[in-house]
Every structure is written in structure tokens, then in C-alpha cells.
Amino acid sequence: MQYTSDVEAADALGQAYKKLRAEIGKVIIGQDEVIKYVLISIFSNGHSLLVGVPGLAKTLLVQTIAQALDLDFKRIQFTPDLMPSDIIGSEILGEDRNFKFIPGPVFSNIILADEINRTPPKTQAALLEAMQEKAVTAAGVTHKLAQPFFVLATQNPIEQEGTYPLPEAQLDRFMFNVTLNYPSFAEELQVVKNTTSTLQTEVHRVLNAQQIIYFQQLVRNIPVADNVLEYAVKLVSKTRPDSEFATPQIKRLLNWGAGPRASQFLVLGAKCHAVINGKYSPDIEDVQAVAKPILSHRIVRSYHAEAEGLSANDIIQQLY
């Protein structure tokens with residue numbers, strides 16, 4: 001995998017993205033936006049939170065992406081009685097009378113944290129260090145995780161009884177908060193046709209771990225014009241009610257704004273969005289294209305916004 005220049009490598013990433021979309025599209029009908037954001041988060045070395053009602057193929061989507069990327073995949077079903085050691089792993093007394101560490105499912109490339117809001121904060125927090133440091137600590141020893149490493153968590157927005165909302169600190173670790181919607185009539189027709197017959201689809205490998213790590217580095221190397229950087233940081237500043245950039249309307253609609261991590265993710269996401277669309281440097285449109293899923297879970301709406309029925313995305317739209 002030798003490219004003579006970053007331009008050639010950027011073209012290769014654009015081609016790989018198109019192939020990935022085609023392979024994933026064999027199994028997942030529709031959900032184009034969701035697939036786009038998940039792939040951007042992977043190439044930006046971030047994590048994604050998928051929010052949607054049951055039966056919208058969230059698990060299947062993650063499995064298919066893992067197949068196309070030729071990565072090790074583990075699924076953790078979060079339940080109220082799940083313990084941190086069930087995720088990280090635990091020490092056991094071996095036959096030689098010494099303790100040895102048995103790694104948990106977090107030691108994988110892609111982790112599907114299914115229904116992450118079903119488990120208490122103590123267990124949710126077990127993923128915090130893994131997501132941020134790409135390592136876990138057990139019995140005072142730090143164990144590095146395999147690279148690349150992504151957490152794709154799912155959350156059911158309907159049934160809130162017996163669930164534990166994710167704390168803000170953990171929500172902030174997710175690059176994207178992606179909402180899955182019901183498929184259109186034509187898409188659902190296609191889904192039913194494909195899944196109620198003997199049709200077998202094979203997903204071919206497009207990239208491997210080494211190539212993904214290379215492309216993640218490439219995305220970071222992409223140059224950004226100062227005006228685009230300033231636009232991204234100013235966009236985040238506008239969400240903070242006490243900021244000089246916040247309009248009176250925003251001060252009325254928001255209680256809390258996004259932190260600096262949002263600015264970092266906006267720039268990284270814009271870089272990746274530019275490359276997969278054949279550009280070598282992001283512009284303001286690229287920042288706007290990734291703004292909603294990056295900011296929506298980082299702002300806290302006020303009573304006024306809720307009373308007027310304004311969603312987080314409606315408010316973000318007013319910031320452009």
C-alpha cells in the first residue's frame with residue numbers, strides 16, 4: 001500500500017469509500033446517511049451512537065461494516081445486571097496459583113454496545129477509558145486495545161422505563177449521534193423481498209486494519225483553511241449561551257452548549273467528508289454536513305425550546 005503522494009492516497013480513500021458503500025448496500029437497504037456517518041466516524045477514529053426503534057437493522061449494519069472492513073467484531077448486550085468485568089475482563093487464579101487476566105469482549109476492533117442505556121452508569125463507565133485512551137485498566141495493570149478500535153453503541157429511544165440515560169461525559173465521547181428512521185415504502189418492500197427468500201448475499205472485504213489505520217492518519221494530515229477552522233470553532237461557540245457569539249434567540253433556547261471536543265470532531269469530520277466527496281481540503285459546506293450529528297447530543301435545550309417543540313437539529317439549523 002504505497003502511495004506516491006497524499007493526493008493519490010486521498011483518491012484511494014474516496015474509491016474505498018465508494019466500494020464500502022456498494023458492499024454494505026448489498027445487505028442494508030437505504031439508511032444512506034447512517035452508513036455515511038458511521039464510515040466517517042471510523043476514518044476519523046471516532047465512535048458513533050445509533051439511536052432508533054427496534055428492528056431497523058442496527059446490529060446488522062454494524063456486523064456488515066465489520067465484514068467489509070475485515071475487522072474483529074464483538075457484540076455486548078447491555079442488561080441491568082451486567083458488570084464492568086463482563087466487558088473489560090477479569091483476573092482468575094490459574095493452575096499455577098498465580099492470577100492471570102482473561103480479556104473481555106472489549107478486546108476487539110469493533111464493539112457493538114447494544115442498548116447501552118439498559119445498564120447502570122457503573123457498567124457504562126467501563127467503556128469510558130476504552131473509548132478515550134484505547135486501553136483498559138484491570139487490577140492496576142493497563143492493557144492496550146487492538147487498533148483500530150471503534151465503539152458503535154445503540155439506544156432505543158422509545159422505552160425509557162428501567163433505562164439509565166448516558167451521562168453527558170460519556171455522550172461527549174461519541175463523535176456522532178445518528179438517528180435511524182423508518183425505511184421508505186420502496187425500501188421496506190426491497191427489505192422484505194430480500195429477507196423472506198433464499199437469497200444469499202456475500203459481503204466482500206474492501207479494506208483491512210492496516211489500511212484503515214493508514215487512512216485515519218491521512219485524514220488528520222489533510223490541510224484546512226483558517227476560515228474553515230474559525231467557522232467550525234465559531235459554530236460550536238454559538239451553542240454556548242454565555243458566549244459572545246450566541247444570539248439572543250440561542251440564549252433563550254439553550255441551557256448548555258457543546259465543549260471543545262465538538263470543535264475537534266467538526267474539523268476531523270469535515271476533513272473526511274471532503275475526501276470521500278473528491279475534495280482535498282474541507283470547506284464550510286463540509287463542516288455543515290457533519291454539524292447536526294456532532295452537536296445534537298452535546299447541547300441541552302431550555303424549557304422554551306421544548307415548549308415550542310424545537311428539536312436539537314432545529315436549533316442547530318439556526319446556527320449556520
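Q: Which residues does Thr64 touch, not counting residues up to four places away in sequence?
A: Thr64 touches Ile24, Val27, Ile28 and Val203. Contact here means heavy atoms within 4.5 Å.

Q: Where does Thr64 lie, and is Thr64 buried or exposed?
A: Thr64 lies in helix 3. Thr64 counts as buried because its relative accessibility is 1%. Buried means under 20% relative accessible area, exposed over 50%, and partly exposed in between, with a 1.4 Å probe and protein chains only.

Q: Where do these numbers come from?
A: This is a predicted model, in which local features need pLDDT of at least 70 and side-chain atom pairs count only at pLDDT 80 or more, while totals for chains, interfaces and linings use all residues. Residues are numbered from 1 along each chain as its sequence is written, and side-chain values use heavy atoms, with hydrogens and water left out.

Q: Where is Pro54 found?
A: Pro54 sits in the loop between strand 1 (48-51) and helix 3 (58-68). Helices (H or I, at least four residues) and strands (E, at least two) are DSSP runs, numbered from the N terminus.

Q: And is Pro54 buried or exposed?
A: Pro54 counts as exposed, because its relative accessibility is 58%.

Q: Switching topic: what does Asp172 contact, leaving aside neighbours within four places in sequence?
A: Asp172 is in contact with Arg261, Phe265 and Arg298. Asp172 itself is in the loop between helix 7 (168-171) and strand 9 (176-179). From Asp172 to Ala258 the C-alpha distance is 8.7 Å, and the two are 86 residues apart in sequence.

Q: What does UniProt list for residues 253-318?
A: An unreviewed UniProt entry lists "domain: ChlI/MoxR AAA lid" there. UniProt positions are given in the numbering used here, feature names are shortened, and annotations may be inferred rather than shown by experiment. Over residues 253-318 the chain is 62% helix and 8% strand, and the end C-alpha atoms are 11 Å apart.

Q: How many helices and strands does the chain have?
A: There are 15 helices and eleven strands. The radius of gyration is 20 Å, close to the 20 Å from the globule rule for 320 residues, so the chain is as compact as a globular protein of that length. That radius is taken over C-alpha atoms, and the rule is 2.2 Å times the number of residues to the power 0.38.

Q: How much of the chain is buried?
A: Of the 320 residues, 50% count as buried.
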